[in-house]
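Here are my notes on this one, as promised. Have the viewer open while you go through them.

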Amino acid sequence: MSTAAKVFRGKTAVITGASAGIGEGFARHAVSLGMRLVLADVAADRLHALAGELTAAGAEVEARATDVADPAATEELAERAYARFGGVDLLMNNAGIMAMGWSWDIPAERWDAALRVNIGGYVNGLRAFVPRMLEQGTRGWIAQVSSIGGLFPSPLMAPYSVTKFGTLALTESLHHEMGMRGAPIQVSVVLPDSVHSDIFTSAREGGGTLPEAEAFNEALRKRAETVGITAGEHARRVFEQLAEGRYWITAQPEAVDEGLPPRTRMILDRATPRLPEQEG
Ligand SMILES: NC(=O)c1ccc[n+]([C@@H]2O[C@H](COP(=O)([O-])OP(=O)(O)OC[C@H]3O[C@@H](n4cnc5c(N)ncnc54)[C@H](O)[C@@H]3O)[C@@H](O)[C@H]2O)c1
């Protein structure tokens, strides 16, 4: 039996953005570990289809169409989770969106949506679940999905870089706060690199037709085809690392290991940032 199955069997997980991509991978893998699930997503039809499939296969699943950018809706999600299962052991803040374009040119509503979902959605998840998990007083886990984009800022996707950097700060603050409260809750940050999902297509639909952004989006999608892993394999690696008690969770550590030393040196040297293609 895997370490994750030993740790998480019979426990309850809440997963946001659960009906597609990385979140769907988490949901399917959590079921294979013997977990009970609370699934949330704005895409109601897709969410209920997945929940129906998992339930038919014998899993215990509570699915609720939820816009995580809405604090009241996220609070209702927590009420439902506790009413159905009496407790939550693992909260996975995962729902996120991308917005592409020149930072000054991305429409105000796209900027706003990225901030409200990628940061606001995680804060809403913490506001709704952490007080209940603290009161529960049992061993718990909070996993917040950032990105390697939270370590390496990128042109043409500033809202994404800003929010994924913000997730690192939010998660580290939370980790220290759990320590200060002496809470038995492990906090972790997940740094996916390239995982097969719809995020690049959705980013395209949501943001204009700027040729530079189109080309960059295409490059990211091509990269996903070559170095990307499936959401299922990503989930398997993430749950193992969660079960091992890690704070930094990297299913694909190569890009972090390669990129972080030169980036750290650049800052220590007070050198001007350069893109990889500008390096001699
Ligand atoms: N796919 C990658 O390569 C990659 C890399 C780094 C980080 N990530 C991060 O992983 C997370 C999941 O991304 P993904 O690639 O699976 O994307 P995806 O677009 O395939 O799935 C995201 C899911 O979140 C849902 N969602 C969007 N807005 C929501 C809202 N307001 N409330 C509730 N649900 C909402 C969508 O309906 C969708 O089901 C994101 O936080 C993303 O930034 C992904």
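1. Start with the strands: S2 (residues 36-41) and S3 (residues 61-65) run parallel and are joined by five bridges. Helices (H or I, at least four residues) and strands (E, at least two) are DSSP runs, numbered from the N terminus, and two strands pair if DSSP finds at least two bridges between them. Leu39 has Ala63 in S3 as its bridge partner. Between S2 and S3 the chain passes through helix H3 (residues 44-56), giving a right-handed β-α-β crossover (with the strands pointing away from the viewer, the path from the first strand over the helix to the second runs clockwise).

2. A word on the ground rules. This is a predicted model, where local features need pLDDT of at least 70 and side-chain atom pairs count only at pLDDT 80 or more, while totals for chains, interfaces and linings use all residues. Residues are numbered from 1 along each chain as its sequence is written, and side-chain values use heavy atoms, with hydrogens and water left out.

3. Now the ligand. Its shell has 30 residues, with Ile22, Asp41, Arg46, Tyr160 and Ser197 the closest (a residue counts if one of its heavy atoms lies within 4 Å). Helices H2 (21-32), H5 (108-136) and H6 (158-181) each supply at least two residues of that shell.

4. Polar contacts (pairs of N or O atoms within 3.5 Å) are worth a look. Ligand oxygen atoms lie 2.6 Å from a polar side-chain atom of Asp41 and 2.6 Å from a side-chain N or O atom of Tyr160. For Asp67, the side-chain N or O atom is 2.8 Å from a ligand nitrogen.

Methods: A polar contact is a pair of N or O atoms within 3.5 Å; within protein, one must be able to donate a hydrogen and the other to accept it, and residues adjacent in sequence count only if both atoms are side-chain atoms.
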